[in-house]
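Trainee: I am new to this structure and would like a close look at one part of it. Please start with one chain and tell me how it is built and what it touches.

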Amino acid sequence: MYHAISEYVPVLILLALAVGFGVVTLLVSFLVRPNDPYPDKLSPYECGIDPFTTGKLQIPVRFFVIVMLFLLFDVEAVFMYPWAAVYKKIGWYGFVEMFLFIVILLVGYIYAWAKGALEWE
Amino acid sequence: MTTVLPVPNLAAIGPEILVTVLACGLLLVDLFIPKDRKRAVGILALAGTVVTALFTMRYWNYSATTFSGMFVVDNFAVIFKEVFLFATAITILISLRYLEIEKVSLGEYYALMLFCTLGMMVMVSAADLVVIYIGLETMALSVYVLSGFMRFNVKSSEAALKYFLVGVFISGILLYGIALTYGVVGSTNLNAIAETIKLKGLKDNPVLMIAMFLLAAGFGLEIAMAPFHFWAPDVYEGSPTPVTAFISVAPKAAAFAALIRVFVVGIGLMAPHWQVLLWVIAALTMTIGNVTAALQSNVKRMLAYSSIAHAGYMLLGILAANTTGLAGVAFYFFAYAFMNMGAFGVIILLRREGIVGDEVDDFKGLAHTNPMAALLMVVFLLSLTGIPPTAGFIGKFLLFSAAIKAGFYWLVVIAVLNSVVSLFYYFRIAQAMYMGEAPDSSIPRPQGAPSLTVAIAIVGILTLFFGIYPHHLVELAKASVTTFIPFL
């Protein structure tokens with residue numbers, strides 16, 4: 001049981017450090033800073049214009065398409081990093097695997113392109 | 001140092017590769033086909049599905065485990081893959097004209113259907129909880145889109161959104177069940193889970209019991225078993241009718257197959273616990289399904305509740321945990337695919353320009369306006385009720401006799417009483433067809449498209465054929481569950 005837990009001790013230390021850092025920072029600044037609030041200081045942005053509507057607007061669905069495409073190809077790139085790091089070790093087999101993976105994504109890319117998902121009318 | 005990657009046996013996933021290539025190919029081909037000729041994509045998809053089904057047959061008695069034990073090909077997987085491919089082929093046949101009437105004849109429909117089939121095929125071959133989850137998501141995401149395919153129809157969009165929200169929620173629950181199992185056992189591989197439970201004597205572990213509940217809930221959504229059946233009537237009613245036919249058969253079969261694999265192979269030693277759980281669920285599912293179905297006036301909703309009830313009957317097969325029961329489930333899914341898709345096919349036949357045709361009243365006088373369709377509908381209704389000489393009777397007989405053999409007498413009594421209730425509502429349709437007044441002749445007679453007629457005829461003949469000569473299919477079903485004999 002002890003051995004099973006000991007692997008996670010660094011994680012526990014990191015957690016304690018992260019929480020401690022936040023608490024200590026807030027506490028110290030609360031103790032040393034002068035307390036002098038006035039309306040301008042309490043507004044959400046100290047410079048720029050005040051917000052005049054709520055943020056709940058209708059957003060064109062086009063944004064979501066772009067976000068989805070971005071995510072898709074972003075994740076593809078992320079997946080390629082570990083592959084590139086061990087590329088020499090896994091050899092031809094790894095190359096073919098990645099090639100197939102990209103071909104499948106390419107089908108999606110061609111489809112999205114042909115359907116006009118990349119155009120902003 | 002060179003790391004040698006374990007090279008998987010790619011021959012084992014031949015059918016899956018074929019379906020993937022076909023679906024991706026359809027997406028690309030679709031780009032070059034003009035808007036009014038999308039039927040061609042459907043015909044291409046149909047041809048591909050038939051080829052894949054024939055190719056998959058060659059995997060009968062081909063047994064292999066590959067991808068580091070995550071993927072198995074055995075007869076059980078093959079027989080269920082055939083159910084999916086059959087359901088896909090029939091769905092494509094009944095969709096061709098329907099999509100044109102609904103003005104949503106798009107090529108993506110067929111590609112999505114094949115991606116869904118791919119997910120289900122992965123699901124039944126998975127020997128690892130994570131792979132099951134991947135298959136489930138591939139299937140579910142495609143089905144969400146398909147159920148909202150008539151996107152200018154409010155009911156269809158509502159169906160898709162409801163299905164999506166419930167599905168995402170339940171897939172979270174399933175993942176939690178997988179996580180807890182991994183936490184206790186230290187593996188997601190079903191064989192490794194069984195091994196660890198045996199070695200460490202974990203069969204009464206409370207955390208594992210919670211995991212069992214969560215896994216049952218996760219699969220229970222697709223199966224539409226109580227208490228996770230609430231989405232089914234709304235989704236079935238709102239979805240395009242061919243999609244309803246599809247989701248009432250194929251995803252249900254996939255979830256059942258995965259449930260069997262997880263419960264029998266993975267946590268088979270916990271059988272005394274899950275038998276209690278499934279006893280209660282089965283009794284609830286069939287009673288709620290049948291009693292509520294009797295109150296419906298919309299045939300699609302009625303068949304939705306009836307499909308919930310059928311899930312309850314099929315749970316008897318898992319509950320019994322003997323070869324007859326599991327073979328009964330496999331057989332029942334074939335019978336269910338024939339009769340249910342046939343019944344939905346007749347509803348599609350009633351869909352004409354300007355007439356929706358999914359109310360019981362729309363069936364009035366069908367015996368006069370289209371006697372052949374009415375006759376086949378009676379066959380499907382007989383089969384759904386479980387009356388000989390239909391495949392539905394043989395399926396029910398196998399399931400009930402397996403449950404009797406395992407000693408669940410009271411549950412069988414409940415199931416038989418439920419069958420009597422089901423007779424009442426199924427025959428309301430028959431009564432409307434044969435005794436109802438035909439509508440005035442100004443309304444166009446229901447006349448099916450050639451593809452639809454072929455589909456209904458095929459499933460009608462198969463329903464009768466396997467009702468009269470069930471021997472062959474029963475033997476196949478029995479051979480398919482030999483994988484599980486060491487675990488029973």
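Mentor: Happy to! Read along its sequence, chain A follows the pattern α-α-α-α-α. That is five helices and zero strands, where helices (H or I, at least four residues) and strands (E, at least two) are DSSP runs, numbered from the N terminus. The radius of gyration of chain A, taken over C-alpha atoms, is 25 Å, well over the 14 Å that the globule rule (2.2 Å times the number of residues to the power 0.38) gives for 121 residues, so chain A is more spread out than a compact globule.

Keep in mind that this is a predicted model, in which local features need pLDDT of at least 70 and side-chain atom pairs count only at pLDDT 80 or more, while totals for chains, interfaces and linings use all residues. Residues are numbered from 1 along each chain as its sequence is written, and chains are lettered from A and ligands numbered from 1 in the order in which they are written.

Along the principal axes, the C-alpha atoms of chain A fill a box of roughly 65 × 60 × 25 Å. Of its 121 residues, 0% are buried; a residue is buried with 20 or more other C-beta atoms within 10 Å of its own, exposed with 12 or fewer, and partly exposed in between, with C-beta atoms placed from the backbone.

Chain A also meets a partner: nine of its residues are in contact (C-beta atoms, placed from the backbone, within 7 Å) with eight residues of chain B. On the chain A side of that contact there are seven nonpolar residues, one polar and one charged. Here Ala, Val, Leu, Ile, Met, Phe, Trp, Tyr, Cys and Pro count as nonpolar, Asp, Glu, Lys and Arg as charged, and the others, Gly among them, as polar.

While you are looking at chain B, a few backbone details deserve a stop. B:Asn61 is not a glycine, yet its phi is positive, about 70°. You will find B:Asn61 in the loop between helix H2 (39-57) and strand E1 (64-66), and it counts as exposed, with 9 C-beta neighbours inside 10 Å. B:Phe67 is another non-glycine residue with positive phi, near 50°. It lies in the loop between E1 and strand E2 (71-73) of chain B and is partly exposed, with 18 other C-beta atoms within 10 Å.

Two peptide bonds complete the tour. B:Ala226 and B:Pro227 are joined by a cis bond with omega of about 0°, and B:Pro227 sits in the loop between helix H8 (206-223) and H9 of chain B. The bond from B:Pro388 to B:Pro389 is cis, with omega near 5°; B:Pro389 belongs to the loop between helix H15 (371-385) and helix H16 (391-405) of chain B.

Terms used: Contact = placed C-beta atoms within 7 Å.
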